[in-house]
Amino acid sequence: VFMVETVDGRNVWCKRHYKVVPQPTPGTFKFSVLDNGVTSNEFWTIVGCSDDLSWIVFHYAGAASAVGQRYIGGLLCTP
């Protein structure tokens with residue numbers, strides 16, 4: 001579940017089912033998702049986390065090449 005801001009400034013919650021494949025390098029993952037007939041492919045990296053796992057930081061970069069879209073971002077996650 002994630003929130004997007006529309007071109008008219010509204011915030012909309014969305015839900016997708018991702019396929020996740022761990023990569024050979026520890027802490028890296030490939031995500032893919034089909035959204036309205038367009039496949040997005042993303043590469044996620046665990047940037048860091050606390051020893052007690054009270055927080056974790058992710059970086060991601062993705063593309064929906066069929067529609068010419070690229071994006072990057074990061075998340076700070078806490079329980």
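Visitor: What does S40 touch, leaving out residues up to four places away in sequence?
Guide: S40 touches F31, S32, V33, A63, A64 and Y71. Contact here means heavy atoms within 4.5 Å.

Visitor: Before I go on, what kind of model is this?
Guide: A predicted one: local features need pLDDT of at least 70, side-chain atom pairs count only at pLDDT 80 or more, and totals for chains, interfaces and linings use all residues. Residues are numbered from 1 along each chain as its sequence is written, and side-chain values use heavy atoms, with hydrogens and water left out.

Visitor: Back to S40. Where does S40 lie?
Guide: In strand β5. Strands are DSSP runs of E, at least two residues, and helices are runs of H or I, at least four residues; both are numbered from the N terminus.

Visitor: Is S40 buried or exposed?
Guide: Buried, at 9% relative accessibility. The cut-offs are under 20% relative accessible area for buried, over 50% for exposed, and partly exposed in between, with a 1.4 Å probe and protein chains only.

Visitor: How many strands and helices are in the chain?
Guide: Seven strands and zero helices. Along the sequence the pattern reads β-β-β-β-β-β-β.

Visitor: How much of the chain counts as buried?
Guide: 15% of its 79 residues. The C-alpha atoms fill a box of roughly 40 × 30 × 20 Å along the principal axes.

Visitor: And what share of contacts comes from residues 24 or more positions apart?
Guide: 10%, counted among contacts with a separation of 6 or more.

Visitor: New topic. What about T28, buried or exposed?
Guide: T28 is buried, at 8% relative accessibility. It lies in strand β4.

Visitor: What does the T28 side chain reach?
Guide: The backbone oxygen of T25, at 2.6 Å. That falls under polar contacts: a pair of N or O atoms within 3.5 Å, where within protein one must be able to donate a hydrogen and the other to accept it, and residues adjacent in sequence count only if both atoms are side-chain atoms.

Visitor: Which residues does T28 touch beyond four places in sequence?
Guide: P22, Q23, F43, W44 and T45.

Visitor: Salt bridges, then. How many?
Guide: Two. The test is a side-chain nitrogen of Lys or Arg within 4 Å of a carboxyl oxygen of Asp or Glu.

Visitor: Which residue does R16 pair with?
Guide: D35, with the closest N and O atoms 3.0 Å apart. R16 sits in the loop between β2 (11–14) and β3 (19–22) and D35 in strand β4 (residues 28–35), so the pair ties together parts that are 19 residues apart in sequence. R16 is partly exposed, with a relative accessible area of 26%. D35 is partly exposed at 26% too.

Visitor: And R10, what is its partner?
Guide: D8, the closest N and O atoms being 3.1 Å apart. R10 is partly exposed at 47%, while D8 counts as exposed at 51%.

Visitor: Where is Y18?
Guide: In the loop between β2 and β3. Y18 is partly exposed, at 34%. Leaving aside neighbours within four places in sequence, Y18 contacts F2, F31, S32, V33 and E42.

Visitor: Which residues lie nearest the centre of the largest pocket?
Guide: F2, V4, Y18, E42 and Y71, out of 22 lining residues. On a 1 Å grid over the protein atoms alone, a pocket is an open set of points where a 1.4 Å probe fits, with protein on both sides within 12 Å along at least five of seven lines; lining residues have an atom within 4 Å of a point.

Visitor: Which elements give two or more residues to that lining?
Guide: β1 (2–5), β4, β5 (38–49), β6 (56–64) and β7 (69–77). By class, the lining has 15 nonpolar, four polar and three charged residues. Nonpolar covers Ala, Val, Leu, Ile, Met, Phe, Trp, Tyr, Cys and Pro; charged covers Asp, Glu, Lys and Arg; the others, Gly among them, are polar.

Visitor: Last one. What is phi at N36?
Guide: Near 55°, a positive value in a residue other than glycine. Most residues other than glycine have a negative phi. N36 is in the loop between β4 and β5, and is exposed at 75%. L53 also has a positive phi, about 60°. L53 is found in the loop between β5 and β6.
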